[in-house]
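Trainee: Hi, could you walk me through this one?
Mentor: Happy to, let's open it up.

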Amino acid sequence: MRRPRIVISGLGAVTGFGFEWQTLWSEMLLGRHCIRPWQPEGAAGTSFPIRYAAAVDEQSLPAYLQTHPAWSSELEKRARYGWVAASQALTDSRLSSVQWREVAVLAASGAPHHWLSDMQLAFPDDGDEQPSWRHVMRRADQVRRDGALRQSSDRLARVIANELGSQGPVLNISSACAGAAQAIGNAFHMLRRGECELALAGGADSVLNLDTMTALYLLGAASSETRWGADLCRPFDAARAGLVAGEGGAFLLLETLEHALARGAEPYAEILGYGTSLDGYKLTAPEPEGRGASQAMAAALDDAGVHPEQVDLINAHGTSTPLNDRSETLAVKRVFARNQHYRRLSVSANKSQFGHLIAAAGAPEILVTALSCREDWVTPTLNLNEADPDCDLNYCPNEAKQQRVDIAISNSFGFGGLNASLVLAKYRSEAP
Amino acid sequence: MMSGTTRPVYLLESAVLNAAGNSAEALYGQAPTANALEFAPDRRGFPLSVPRLPTDRFDRKLQRSVEAQSLRLLHCAARLGPRLEALGLPPERVALTAAIPEVDAPSPSWEAVAAMRQQPDLWLAQWFANTPPLHSLILLNSSSMAYLAEALACRGPMAGYCGQEGAGLDALLEASHNIAEGRADAALVVSTSPNITPALFLRETELEEGTTPLVPGEGAAACLLGVEPAKSDTRNVRIVGYSRGFLSPTPAQADARQADPFARVLNQVLSCEHLSMSDLSAVWSDPDDALLRRAIDNYPVRPGSRPVVGALGASSLLTDLAYALAAPEFAAPVQTNYLLLLNRSYTGHLGALLLAVEPARRAP
C-alpha cells in the first residue's frame, strides 16, 4: 500500500531573533546571532558565572501580537512563547478555522520552572523545623501562578488544543533535548498511518533561570567563557567550551499532501522519515563513538527510503560542547562512510545563531532545515575559526552558503542519550 | 493500528507497584485505605514508601540521588528484566518508551535554600555549594530513561511522554507501533505516578466544576511487548486497536458537540476489528463519568484501579491494563475475549485501548 506523503505547510517561531520565522531566517542568512549579555532574574550584578544567553526580547513584540491571549494568561513564559509560535504557524498555514478541530497537537516541553520563592515557602518562619510541604500548603496563596507548583508541563499542549477546539489527539512530549524532534516525528508517523490529517507539532522551552542554569553550569555543560564576549557559542571549533542557552519555541503545521493540495496550500518541504535510538551509555555524556546518534540517523534514512548518498545537508545537534560535537562528527562519518560521502555533505549548527532551546531545540532547527530545502541556502555555523582536528566535516563556517538542498537531516540528541533524527526533502509535486 | 500490513504486538509481561502491593492480583485482595496526607490533613491519598532498587541492576548511588517517582519506576521496570533478557534480542532491537510526570519540586535543592536563609549575604556561594550537580538532571524524564536503557540494555527506538493519564497510552502506543512497523522486536513501556505533593492540589483550579476532589495514589507500572507470544504462556494477549481524542474541559470551549469526540474515539477503536459493543467481554472505565456512560449507551463498565489505589496519573493506564488482565475469568480463555479500556483524564485526554485475550497458540 502506498504511504501518504506528509508536508510542512505552516511555520511559526519565537526566538531571540524575534517573533516571526521570517526574521529568524533572514537574520540567519546574514550570519548574525542573537546571543546577548544575560543574568538570571534576581542575580543581576552578582558573580553568577553564566553571562550570555539567547533570550527572547519581549520589548520587541510586534503590535499585532500584543493582544495575543498568551500575554494575559497565567502561564510559564515557555508556554507563552510556544502558544504564540503555534498561533503563527496556524496563521501561516492559512488553514480555515472550520478545520481547527481536526488538528492534533504535539508539544514538547522541558523540566518545569521551580521558583526560589516557592521553595522558600517550604521553610517554617521560625527556622527551627525541617522544610516541609505542610508550610507550602499553609501559604498556598503565596505560590507563584507561573511556576511548577501551579503549572503542569503539559499546559502548553492543552492551551493550544483549547484554542483550536481540537478533538485531539493531544500529546505532551518529554525526551530532553530530543523532545521537539520527537513531537514532529511522532506527528509525522501519526499522519502517515492515518491517525489524523492535520497536526501542529513543535515545542517551547526556557531554562533561563537560576535553578536550571546553575545545574547546567555545575555539570560543565554551559559555557562560562568570557574570552569572546557574545561570540562564545562555537560548535565544532577547537576552543568550544559548552552550550549557550536560548529560549523560545517553534511549531510546524503538518498535513498529508493530499489534504494540503485539496485546500490549496503550498508546502514548504516534505518530511520523509523519522528515527530514534538510545545510547544506553551514560547520563551525562554521549556514547563517545557516536553509535546511538548514527543509529538514529540510519533509522530515519531507512524510514524515509533514502540512501545516505542522496543527503545534501545535516542540520547538526551541534551543541558547542566538546563531547557532543566530536561524537556527532564520528556518527556522521559512520552513516555516510560509503564513497566518503561525508566529505561532500554540508553540516550546519543553528545553536551558534539562536542558542540551545533545550526541549524545544529541534523545532526551530527543523523549521530552518525545511527552509534550506525550499530556498537552497545553508545557514552558517558561527564562530568556527579554528578547526578541531576531531571535527573535520564541512560545517559552513561563518557565512551562509547557496547550495542545492534536495534532502536534509535534522539531528536532536538529548541528555541521557536520547537521539532523534528526521529526514526532510524539497517539496516537489512528484514523489521523491 | 494494528492493520493487516503490520506485525502483531503481544503483551508478554507486566509489573505494577502501588498501595495494594507489587502484583496485579493484589489489586483484587484486601483494599488499602487512603490516609490523611501529612501536608494537608483534610485530603487523603495512597502514598508509598520509597522502594529499594536492586543493586545487581542499578548503581547504589541512584538510591540516594534519584527522585522517589523515578525510584518507583526503576524498581517496577527492573522486574521485567529477566523476561526481556530471555528474548535474547540485540539491544538495538529493544525499544523503550516512558510516561513520566514532571517532578514538582527539587527537594535536593532545599539544602541550598536553607543555607541561603542562614547567610543571605552569601546567597550565590551558598546556592552553588549546596546544589548537587545532578540536581536538574534527576528531574528530567530522560534521566530515568537513561538509567533504564543502561541497566536493561535498551538501545532501540525511544519516546518520552509527560502528562496526566493520557501519557501512559501514548507510551504504550508508540512502543506498539515500533514493533508493528518493524523498528523493534520488543519494547519496554514504563510509567510512574507523580509524587504526592501540594502541586497536585494547587493545580485543581483546572478541575471541572462539581468534580469529586482527587484522591491521588503513588505507584508505577510497566509492561514488556513483543512480536511473538511466549510458547509457555497459557494465553496470548494481543494489542488490537486504540484511539485517542481530546475534549476540552474548559467551559468556554465546551459546547453541544462535547459527546462527539468520545463517540469518535469509541467508533475508531471498535472498527479496528469490526466489533460492536456486544462483542466485548468487558469494559474498564470510570463508572461515574456521565459523558462516557452516554457514549457507550450505559453498557456496564468495571471500575479500574482508581477506587482501590487512588489516581495514579501517568501510570494509571498500565496499572489498569495489568488489573484487567488479572481478572480470573481471563486467565485461561477458551475463545477470544475482547477487553476495552476507556479513559478520560481531568485535563481532557480521551483514550481507548482494545485487547484480545486469546487461547495460547499450540506449537505445530
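Mentor: One definition before we start: two strands pair if DSSP finds at least two bridges between them. Helices (H or I, at least four residues) and strands (E, at least two) are DSSP runs, numbered from the N terminus.
Trainee: Great. What kind of model is it?
Mentor: This is a predicted model, where local features need pLDDT of at least 70, side-chain atom pairs count only at pLDDT 80 or more, and totals for chains, interfaces and linings use all residues. Residues are numbered from 1 along each chain as its sequence is written, while chains are lettered from A and ligands numbered from 1 in the order in which they are written.
Trainee: What is the bridge partner of Glu270(A) in β14(A)?
Mentor: Ala425(A) is that partner. Strand β8 (residues 269–278) of chain A runs antiparallel to β14(A), with nine bridges joining them.
Trainee: And how many bridges join β13(A) to β14(A)?
Mentor: Eight, and these strands run antiparallel as well. Ser412(A) has Ala420(A) as its bridge partner in β14(A). In the hairpin of β13(A) and β14(A), three residues lie between the strands, and Gly416(A) takes a positive phi near 90°.
Trainee: Is β14(A) mostly covered or mostly exposed?
Mentor: Mostly covered: nine of its nine residues are buried. A residue is buried if 20 or more other C-beta atoms, placed from the backbone, lie within 10 Å of its own, exposed if 12 or fewer, and partly exposed in between.
Trainee: New topic: where is Ser97(A)?
Mentor: Ser97(A) sits in the loop between α2 (77–93) and β4 (103–109) of chain A. Ser97(A) has 9 other C-beta atoms within 10 Å, so Ser97(A) is exposed. Its C-alpha atom is 8.0 Å from that of Leu164(A), 67 residues apart along the chain.
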